[in-house]
Amino acid sequence: MEWEIVIGLEVHVQLSTQSKLFSGASTRFGAEPNTQACAVDLAMPGTLPVPNEAAFRYATLFGLAMNAGIGRRSVFERKNYFYPDLPKGYQTTQLAKPIVGAGEVEIHLEDGSSKKVRLHHAHLEEDAGKSLHEDFHGMSGIDLNRAGTPLIEIVSEPDMRSAAEAVAYLKKIHSIVTYLGISDGDMSQGSLRCDANVSVRLKGEEKLGTRTELKNINSFRFVEKAIKVEAERQIDILEDGGSILQETRLYDSDKNETRSMRSKEVANDYRYFPCPDLLPVELSEDYIDRLRGEMPELPDAKAARFREQYQLSAYDADQLTQERATADYFETLAEQCGEPKLAANWMTGELAALLNRQELTIGQSPVSAEHLAGLIARIKDGTISSKIAKQVFEAIASGEGDADTVIDKRGLKQVSDTGAIEKMVDEVIANSARQVENYRNADEDKRPKMMGYFVGQIMKASKGQANPQVINKILREKLDALL
Amino acid sequence: MSVDAQTVEKLAELARIAISEETVEEVSSRLGDVLQLVDKLQAVHTEGVAPMAHPLDAVQVLRADEVTEPNRREEFLALAPQSEQGLYLVPKVID
Amino acid sequence: MHQLTIAEIIRGLRDKQFSSVEITRQLLDRIQQQDSNYNSFITVTAEQALQRAEAADRQLAAGDAPALCGVPIAHKDIFCTSGVRTSCGSKMLDNFVPPYDATVVENLQHAGAVSLGKTNMDEFAMGSSNETSYYGPVKNPWNTDRVSGGSSGGSAAAVAAQLVPGATATDTGGSIRQPAALTNTTGLKPTYGRVSRWGMVAFASSLDQAGPIARNAEDCAHLLSAMAGPDRRDSTNLQRDAEDFTADLNKSVQGLKIGVPKEYFGEGLNADTAARVQDALKEFEKLGAELVDISLPHTDLAVPAYYVIAPAEASANLSRFDGVRYGYRCENPADLRDLYMRSRGEGFGEEVKRRILVGTYALSAGYYDAYYNKAQQVRRLIKQDFVDAFGKVDVIMGPTAPSPAFEIGAKVADPVAMYLEDIYTIATNLAGLPGMSLPCGRVGNMPVGLQIIGNYLDEARMLNVAHQYQQATDWHRASALSLTEAAAAGGE
């Protein structure tokens with residue numbers, strides 16, 4: 001039996017507004033508990049919500065980026081349930097008339113293929129506070145700083161067919177919201193959170209299988225693992241003749257398994273209805289047009305431009321445009337060194353490896369675009385070889401200064417002086433009578449290969465600093481003279 | 001129109017209001033009376049009538065994104081039945 | 001001094017006939033001596049009032065006094081008052097002292113008014129007799145065995161008993177107008193959105209509106225001028241600039257077209273009440289107004305629609321009272337669910353719980369369309385009735401309440417009978433229109449109220465019409481106290 005996995009994602013993105021969705025309290029992350037929870041956020045009696053314009057602006061930008069319809073008239077509703085981190089006893093959200101309607105987005109997979117994922121809708125809503133489970137005499141502590149922070153919940157259609165596609169989609173959403181500057185997209189701080197609806201069906205089957213909802217998966221890696229392990233669990237059950245229970249499950253990253261969240265099993269009835277404290281929000285055509293005009297270049301458009309303008313491969317262009325900061329780094333670098341292809345190679349190679357190793361973002365890179373441009377310039381003008389350049393790169397990364405400083409201090413300047421190299425060539429030839437003899441006796445087409453030995457010896461003698469092109473030229477002349 | 005005890009219990013659970021067993025019957029019958037009163041609505045023809053959530057056809061005015069609220073934690077926490085280390089305390093929350 | 005109207009107090013203070021401290025002290029004394037008869041106050045803030053009165057006297061002396069400088073008033077205990085307990089008539093908020101003021105409280109303070117305290121009310125404004133208050137029923141100064149009406153019964157009774165010349169109140173389905181009718185006071189519920197709801201504990205957000213109760217229309221105009229105004233903190237506020245509602249009081253009502261809806265004079269209306277209202281309409285004819293028969297065909301659906309919409313909104317509005325951040329918390333909760341169930345089960349009274357359950361029912365899966373959505377459709381039909389009527393007439397008049405004040409306890413066991421008390425007032429809340437009640441006679445010794453319903457934002461005209469009637473009649477000048485005092489004298 002061949003199974004097909006069907007995945008839909010619900011992504012919550014915290015918008016990076018200064019103040020909350022319905023109050024003037026700050027949204028800054030990491031403040032002392034309850035110091036950013038004002039009377040409105042605490043649902044003090046008689047307090048009333050007033051919506052934040054920036055939240056609508058950000059949500060509209062997102063909708064435009066997803067080629068989605070923008071709700072000219074959106075309505076907030078109350079979703080009723082009791083939880084200590086939800087002060088009003090209802091969450092103010094949108095249901096029937098969301099700010100962003102249906103749309104679609106293209107995702108790019110590792111194998112170079114692309115596919116479209118449809119957006120069902122995206123709506124604005126307020127975040128809840130946090131329950132802290134450290135023990136306060138057997139009680140929980142409630143911090144309401146986060147309560148009321150604006151979120152957009154982005155709901156996809158069940159269009160993804162593998163964990164890898166789900167990750168690619170999530171990366172695309174991440175890339176769009178950070179490009180737009182509407183969220184910091186930081187998953188570790190909960191700025192981007194993901195729930196996955198997962199079901200499986202036999203290949204060729206039209207009907208969707210019973211789905212489970214995986215709650216709050218907090219990294220790209222866990223999204224991939226959680227979906228894989230949940231799909232396997234479902235397939236095992238079905239192959240054993242069992243059936244899937246529609247439920248909410250939690251991914252446990254320590255055990256790499258999903259488990260049922262029984263406490264949330266009590267069938268809830270959210271009793272949505274339009275919030276009578278708020279009026280319908282109408283966005284004018286002008287407002288939306290103005291935002292359309294302010295849209296920054298988005299990842300797909302940027303990738304296309306990189307391919308065109310810098311002659312990059314599709315793969316490199318995708319890699320370099322996934323994050324806006326990476327793309328900006330690249331453009332600075334390419335402009336300063338004038339070698340876009342080399343710049344791309346260094347970024348996807350040495351730089352990516354370095355950042356990965358040190359678990360840094362491009363914004364935290366110890367090698368700035370200016371430094372890397374300086375390094376590439378020295379490769380280009382022959383001051384150092386590509387091989388030495390790697391050594392210089394590491395030195396820049398560990399804070400030894402820019403390329404010229406490192407080359408100077410470490411004396412890594414490439415030797416291109418013909419006299420000096422001639423001397424080295426002569427010495428090596430003199431000390432390699434047997435190899436010279438072999439060279440002379442060899443067939444002509446084998447000779448270039450045999451030169452490798454001499455080049456290696458000379459490089460060794462020059463501690464790698466001799467210019468390989470100069471070596472090659474002089475060596476060939478001298479060896480050929482012996483024929 | 002009457003409301004059975006089971007419905008009353010479901011509503012009480014949704015609304016998180018304890019209703020003692022002795023009063024369930026009375027609550028059911030009173031609720032039944034009220035629902036009978038409002039059931040008059042069912043006979044009205046409302047096809048094509050848009051529901052009206054607000055008396056006036058006003059639209060929302062949005063607020064500029066500015067931080068205007070200072071930290072007043074101590075004043076607010078002083079109102080709490082139980083708090084510690086800047087947090088509101090509740091019986092253990094089990095996820 | 002306690003007989004003085006607000007207009008008279010304003011003049012008296014400016015003419016230095018008495019000081020704000022003097023009148024404030026005298027009214028505080030009266031409250032202390034007499035309010036045990038009426039139970040119209042929940043909290044009296046004597047010290048604060050005297051401080052404010054002193055400050056007002058300084059401002060008056062300095063000659064830069066705002067409109068209501070030094071005038072004593074009271075606030076319904078639904079308005080948050082910084083540093084002063086705001087109970088909303090509930091055990092749930094018996095210990096709640098907000099650190100912020102309602103906009104209405106702020107506005108009146110800016111206008112110089114001196115608050116003497118917080119008046120009694122039905123719990124969370126849910127009631128028409130003031131019997132659901134955690135602090136006990138308010139007794140009607142015209143007959144203390146009878147109800148004062150509700151939910152603003154404390155404000156109405158305090159004014160009727162001459163403990164204060166005017167008070168703030170709120171009206172969700174008649175809670176200003178019905179108690180005004182039952183206590184011979186004048187009350188005005190403005191157009192929805194005219195007065196800010198910020199800091200006013202919410203019952204049903206799309207229906208709640210604050211307004212004044214006073215001894216006559218002129219005083220209501222003075223109070224409303226201070227209460228109303230734009231407020232960005234309330235999204236549903238109309239953001240209209242403050243107005244001087246006293247400006248048009250003296251206009252003639254010659255040629256005024258008064259709509260008389262036949263549905264307001266049908267079954268269920270006490271015959272004597274009907275007669276008093278008809279007398280008042282005749283009086284208006286004498287003043288040069290024209291009576292026009294109109295129909296508001298969906299009138300009988302107002303109560304059913306209201307008892308879906310108001311409880312639905314209330315069921316969510318009252319979810320915040322959960323024993324976590326403020327207010328009542330049950331003893332020794334076993335777990336989180338127990339904390340919620342018992343804090344709310346013990347903290348709310350029966351009527352409040354009943355309405356929360358009704359609202360929960362109306363919104364729950366499978367019933368939303370049949371109840372909530374249907375009621376909102378009917379609401380539009382009701383509004384359309386008024387829109388059509390105002391195409392033909394300037395104001396609409398009829399009874400405020402179907403009968404005079406009933407005995408305390410008479411309707412406690414029958415919520416539906418109680419709900420019908422608001423049969424003539426509820427429709428205006430659903431439509432968001434302004435409505436007012438003014439005294440138009442008595443049945444036996446008990447007062448009867450005439451209701452005036454105005455078009456949107458037409459409060460100035462309503463006050464003008466009411467004022468002209470009060471220039472021609474004395475009903476509003478009659479005092480409950482002359483009766484009680486007469487009875488007391490007779491007893492001696």
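User: What makes up the domain assignment of chain A in this predicted model?
Analyst: The model is predicted. The assignment gives chain A domain 1 (3-288), domain 2 (297-410) and domain 3 (418-482).

User: How do you know that domain 1 and domain 2 of chain A are in contact?
Analyst: Contact requires C-beta atoms, placed from the backbone, within 7 Å. For 9 residues of domain 1 of chain A and 9 residues of domain 2 of chain A this holds, so the two are in contact. Their centres, taken over C-alpha atoms, are separated by 35 Å.

User: Which elements supply the domain 1 side of chain A that touches domain 2?
Analyst: β5 (103-108) and α2 (163-180) of chain A each supply at least two residues. The largest share, 5 residues, is from α2(A). By residue class, that side has 3 nonpolar, 4 polar and 2 charged residues.

User: Why are β3 and β14 of chain A called paired?
Analyst: Pairing takes at least two bridges between the strands. Strand β3 (residues 76-80) of chain A and β14(A) have 2 bridges, in the antiparallel sense, so they count as paired. A:R78 stands opposite A:F273 in β14(A).

User: What makes β4 and β14 of chain A edge strands?
Analyst: The open sheet has 3 strands in the order β4-β3-β14 (chain A). β4 (90-94) and β14 (273-274) each pair on one side only.

User: How many residues of chain C are in contact with chain A?
Analyst: 34 residues of chain C are in contact with 25 residues of chain A. On the chain C side, α9(C) gives the most, with 3 residues. That side divides into 18 nonpolar, 8 polar and 8 charged residues.

Definitions and conventions:
Residues numbered from 1 in each chain as written. Chains lettered and ligands numbered in written order. Predicted model: local features only at pLDDT ≥ 70, side-chain atom pairs only at ≥ 80, totals over all residues. Helix = DSSP H or I, 4+ residues; strand = E, 2+ residues; numbered from the N terminus. Nonpolar A, V, L, I, M, F, W, Y, C, P; charged D, E, K, R; others polar. Domains from an automatic or database assignment.
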